[in-house]
Each structure stands twice: as C-alpha cells, then as structure tokens.
Amino acid sequence: MGMTEDAIARVARGSTLLLLGQLISNLIAIGAFMFIARGISRAEMGIATITNLLITLGVMLSGAGVPISSIRFISESIGAGSDYRPLIAASVLTRAVLAALYSAILVAFADQIALLLLGSTSNVGLLYLAAIGVVATGFANTFYNALIGLNRMLAVCLSYVFSALVGWSVGVLLVIEGWGATGYVLCWVASGLAGSLVSGISLAKATSLSLNNGKETAKAMRTLIAFSIPVLITNLAAYAFNCFDMFVLVGLASQEELGMYSVAKK
C-alpha cells in the first residue's frame, strides 16, 4: 500500500526541517570558524584538531551505532502500536555506559595521551574537556536520533540551531579573551551541553520513560546492539578514511603544520 498524501507531506516537512536545522547550524559554524581560525595560533589549532579527533572517536564508539539504528526501531514500534519507550531507554543507557567508559579511559591515561598526541602534559586539561565533550555530545546525538524516530523534527531542528548558537558563541568569546585552544575546545563542549539540554527536554516532553521495566529495556538493548554492530563497523571505516590524513600528520608533522592543514581542509 502506498503512502497517503498526509504521510508524504509529513515526511517532506520533516526532511525540510532537518535540512534547515543543519543548514543554519553549519552557516553559524562557518562564520564562527573563520573568526576562530584567525584568533588562535597554528599550533593551538593543531592541538585543538587532535582533541576534536578524540571527541569524534569517543562519540562514535560510545554510540556503538545504536542511535542510527534506534530511528528504525522506534518508528517501526510506533507504527505497530507497541511500546517504544524501552528502545529509547536502552539507547540512552547504552550511551551512558559506553561514554562513561571511554571518558574514564581518557581521564585515567590523560598524562600519557597528552604527551603522545598533544606534545606535552601541560595540555592534559584539554583531555579532561574532551571527556566531558564526549558525554555531552554523545547524549545530544542519542536524543536527536530518538526524536527523529518519534518524528519530532521541529525539536531536532531547534536543537541543532540552539546548540550551534551557544557553542560557537562561547568559542568566539573565549578566543577573544585569549583562551586559545582551550576556548576552541570549550566551543564543542558547550555545543554538546546545549544540544543535549534542549533535545533532552524535548524528548522528556514527548515521552515518559520508565526504568521500572528492566527486562524490556535489557531486551531492547540487546536487540539494538546486535543490529548496530555493522553500523558501528561502517562508521569506524568512514572515520578512518576521513581522518587518515590527520593521523598521519599527527605522527609526522608539527602541530603548526597540522593546524594549517586542518584549516585548509575545512
């Protein structure tokens, strides 16, 4: 049976809202990045780039592919008239456990990682910020995808825009105040916190989660993780392909050269 006109209209409206949110947030990011790139040194840009690689990897690993898979399972559950709440609870719980694990590793080995990748233990504070950024951005990503599964596209659009406005405004202001790479990294942390706050509130309004039904949540978690393993492998392959050149420069080039390459690539 084909889709009704109302269903087609809802899909078109939802796609438009998602595209609009991504477009506006990307325009905000481009404008702010042009300023930040001129406000910090090339070495600081290189250090921030490495930190961002760690945050991006952490968000990917702590998601385990579940946020993308949850869209399908949540929407199918709604269509079948069954309870979708255990799926959302399972997605959030999976993120919480894996994000905490990744961040704990970052913090536990912060000195060694800072010396190996950032060139000095004096930059260890950036890894603590990265640990926070992984948790904040990870939850935002999980909430976004749960809202997409619920077809709450306006909430996702507003979350995208609010996250970009807050994060990049913080970044620009801190760079003006001379915070350098720390200010730039705090931009991503603030963006993740703002995005998770707004999308989390929207998700809480859209559904009432309950952790009392532990069996259903555990079952949903096993289902999501099993289905998401190929998604995680695909994401890791894409990450390796897109960031391979960056990691080569981390090992072979100076932080100044990495910083210049990062700006040119963006």
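These legends walk through the whole chain and then several close-up views of a predicted model. Residues are numbered from 1 along each chain as its sequence is written, and side-chain values use heavy atoms, with hydrogens and water left out. Since this is a prediction, local features need pLDDT of at least 70 and side-chain atom pairs count only at pLDDT 80 or more, while totals for chains, interfaces and linings use all residues.

View 1. Helices (H or I, at least four residues) and strands (E, at least two) are DSSP runs, numbered from the N terminus. Read in order, the pattern is α-α-α-α-α-α-α-α-α-α. The C-alpha trace spans about 60 × 35 × 30 Å along its principal axes. For 266 residues, a compact globule would have a radius of gyration near 18 Å, and the chain's 19 Å agrees with that. That radius is taken over C-alpha atoms, and the globule rule is 2.2 Å times the number of residues to the power 0.38. Of the 266 residues, 46% count as buried; buried means under 20% relative accessible area, exposed over 50%, and partly exposed in between (1.4 Å probe, protein chains only). Take the contacts (heavy atoms within 4.5 Å) with a separation of 6 or more: 80% of them come from residues 24 or more positions apart.

**View 2. F33 meets Y184 in a tilted ring pair.** A search of the whole structure turns up 7 aromatic pairs. Rings of Phe, Tyr and Trp (its six-membered ring) pair if their centres lie within 6.5 Å; planes under 30 degrees apart count as stacked, over 60 as edge-to-face and the rest as tilted. Here the ring centres are 6.3 Å apart and the planes sit at 45°. F33 belongs to helix α1 (residues 5-39) and Y184 to helix α8 (residues 180-206), so the pair ties together parts that are 151 residues apart in sequence. Both F33 and Y184 are buried. Ring pairs also link F33, W168, Y184 and W188 into a cluster.

**View 3. Y144 and Y160 form an edge-to-face pair.** Their ring centres are 4.9 Å apart, with the planes at 85°. Y144 lies in helix α6 (residues 124-149) and Y160 in helix α7 (residues 153-176), so this pair joins parts 16 residues apart in sequence. Y144 is buried at 10% relative accessible area, and Y160 counts as buried at 17%.

**View 4. The charged end of R72 sits over the ring of F73.** The distance to the ring centre is 5.6 Å. To qualify, NZ of Lys or CZ of Arg must be within 6 Å of the ring centre and within 35 degrees of the ring normal.

View 5. For C157, the nearest cysteine sulfur is that of C187, 19 Å away. The sulfur of C187 is 17 Å from its closest cysteine sulfur, in C243, which is too far for a bond. C157 is buried, with a relative accessible area of 6%, and C187 is buried too, at 0%.

**View 6. L193 is a partly exposed residue in helix α8.** Its relative accessible area is 46%. L193 and A155 are 38 residues apart in sequence and 16 Å apart in space, C-alpha to C-alpha.

Conventions. Disulfide = S-S within 2.5 Å.
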